Amino acid sequence: MSRWVSILALAGTWEADSLAGGKLTNTIALVSKGTAIEETIGTPEDNEVSLYTRDAGRIAMTHYCALTASGNQPRLETGVTVAGRDEFLFSFVSATNLATPGDAHMRRMVLRLKDASHFSEVWTKREKGKDTVFTLNFVRK
C-alpha cells in the first residue's frame, strides 16, 4: 500500500480534545477526484484547513492557519516517501502571508497513523524563534 493510500484511508469524521477544552471535529475529504485531500479541523465557528497533494514522490501540505494572527499559509512537505511506514514528517518549505520569519507559523507536523480508528497530529508552531509543540489525538466518529 502506498503512503498516499494510507492517508486517503483517513477520509471521514474524527474528534479530538481541544487544547482549550471541549472537542474539535476533523473532517477529512477526498477532493478533485482523489488527487487532493482536504482536512478541516475545529468547530463550525472557528476552523482551519490543510490541503494535501502528491508532489514527485513527496506529499505536500498547505496549511491555512487560524491559530496565528496573520492567517498565514505555511507549505510543508514530506521527504521522498518509503512505502509501508505509518508516520509522516511534514517540514516547513515556505509560507505565504508571513510578514517576517519571526511571526507565528507552523514549522512541522508529524502525522501518526495508529489504526483504522485512531491517528495523531503533532504540530510545532514557531514564534520569535521559540517552538511550541502540541498533539491532537483523533478518534473516528
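**View 1. Aromatic pairs in the predicted model.** Three aromatic pairs are found in this structure, which is a predicted model. An aromatic pair is described by how far apart the ring centres are and by the angle of the planes. For Tyr-52 and Phe-90, the ring centres lie 5.7 Å apart and the planes meet at 70°, so this pair is edge-to-face. The angle decides the label, because planes over 60 degrees apart count as edge-to-face. Tyr-52 belongs to strand β4 (residues 47-55) and Phe-90 to strand β7 (residues 87-96), so the pair ties together parts that are 38 residues apart in sequence. Tyr-52 has a relative accessibility of 4% and counts as buried. Phe-90 is also buried, with a relative accessible area of 0%.

**View 2. The rings of Phe-119 and Phe-138.** The centres of the Phe-119 and Phe-138 rings are 4.9 Å apart and their planes are at 25°, so this pair is stacked. Phe-119 is in strand β9 (residues 118-127) and Phe-138 is in strand β10 (residues 130-140). The two residues are 19 residues apart, and their pair links distant parts of the chain. Both Phe-119 and Phe-138 are buried. Ring pairs also bring in Trp-14, which forms a cluster with Phe-119 and Phe-138.

**View 3. The largest pocket.** The space in the largest pocket comes to about 330 Å³. Its lining is made up of 16 residues. Those nearest the centre of the pocket are Ser-18, Leu-24, Gly-42, Asp-46 and Leu-67. Four elements, β2 (23-31), β3 (36-42), β4 and β10, each give two or more residues to this lining. By residue class, the lining of the largest pocket has nine nonpolar, four polar and three charged residues.

**View 4. Strands β3, β4 and β5.** Strand β4 pairs with β3 and also with β5. The pairing of β3 with β4 is antiparallel and runs over seven bridges. Within this pairing, Ile-41 stands opposite Glu-48 of β4. The two strands form a hairpin, and four residues lie between β3 and β4. Strand β5 (residues 58-64) pairs with β4 in the antiparallel sense, again over seven bridges. Leu-51 stands opposite Thr-62, a residue of β5. β4 and β5 also form a hairpin, with two residues between them.

**View 5. The cavity.** How many cavities of 30 Å³ or more does a search of the whole structure find? The search finds one. The space in the largest cavity is about 50 Å³. Its lining consists of Ile-7, Leu-10, Ile-28, Ile-37, Glu-39, Tyr-52, Leu-111 and Glu-121. Six of these lining residues are nonpolar, none is polar and two are charged.

**View 6. Met-109 and Val-122.** Met-109 is part of strand β8 (residues 105-115). With a relative accessibility of 0%, Met-109 counts as buried. Along the sequence, Met-109 and Val-122 are 13 residues apart, while in space they are 5.4 Å apart, C-alpha to C-alpha.

**View 7. Two residues with positive phi.** Most residues other than glycine have a negative phi. Lys-33 is not a glycine, yet its phi is positive, near 55°. Lys-33 is located in the loop between β2 and β3. Is Lys-33 buried or exposed? Its relative accessibility is 87%, so Lys-33 counts as exposed. Ala-56 is not a glycine either, and its phi is positive at about 50°. Ala-56 lies in the loop between β4 and β5, in the turn of the hairpin that these two strands form. At 69% relative accessibility, Ala-56 counts as exposed, because the cut-off for exposed is over 50%.

Methods:
Residues are numbered from 1 along each chain as its sequence is written. This is a predicted model: local features need pLDDT of at least 70, side-chain atom pairs count only at pLDDT 80 or more; totals for chains, interfaces and linings use all residues. Side-chain values use heavy atoms; hydrogens and water are left out. Rings of Phe, Tyr and Trp (its six-membered ring) pair if their centres lie within 6.5 Å; planes under 30 degrees apart count as stacked, over 60 as edge-to-face and the rest as tilted. Buried means under 20% relative accessible area, exposed over 50%, partly exposed in between (1.4 Å probe, protein chains only). On a 1 Å grid over the protein atoms alone, a cavity is a set of points where a 1.4 Å probe fits but cannot get out, and a pocket is an open set with protein on both sides within 12 Å along at least five of seven lines; lining residues have an atom within 4 Å of a point. Grid points are joined across faces, edges and corners, and a volume is the space filled by probe spheres set on the points. Ala, Val, Leu, Ile, Met, Phe, Trp, Tyr, Cys and Pro count as nonpolar, Asp, Glu, Lys and Arg as charged, and the others, Gly among them, as polar. Two strands pair if DSSP finds at least two bridges between them.
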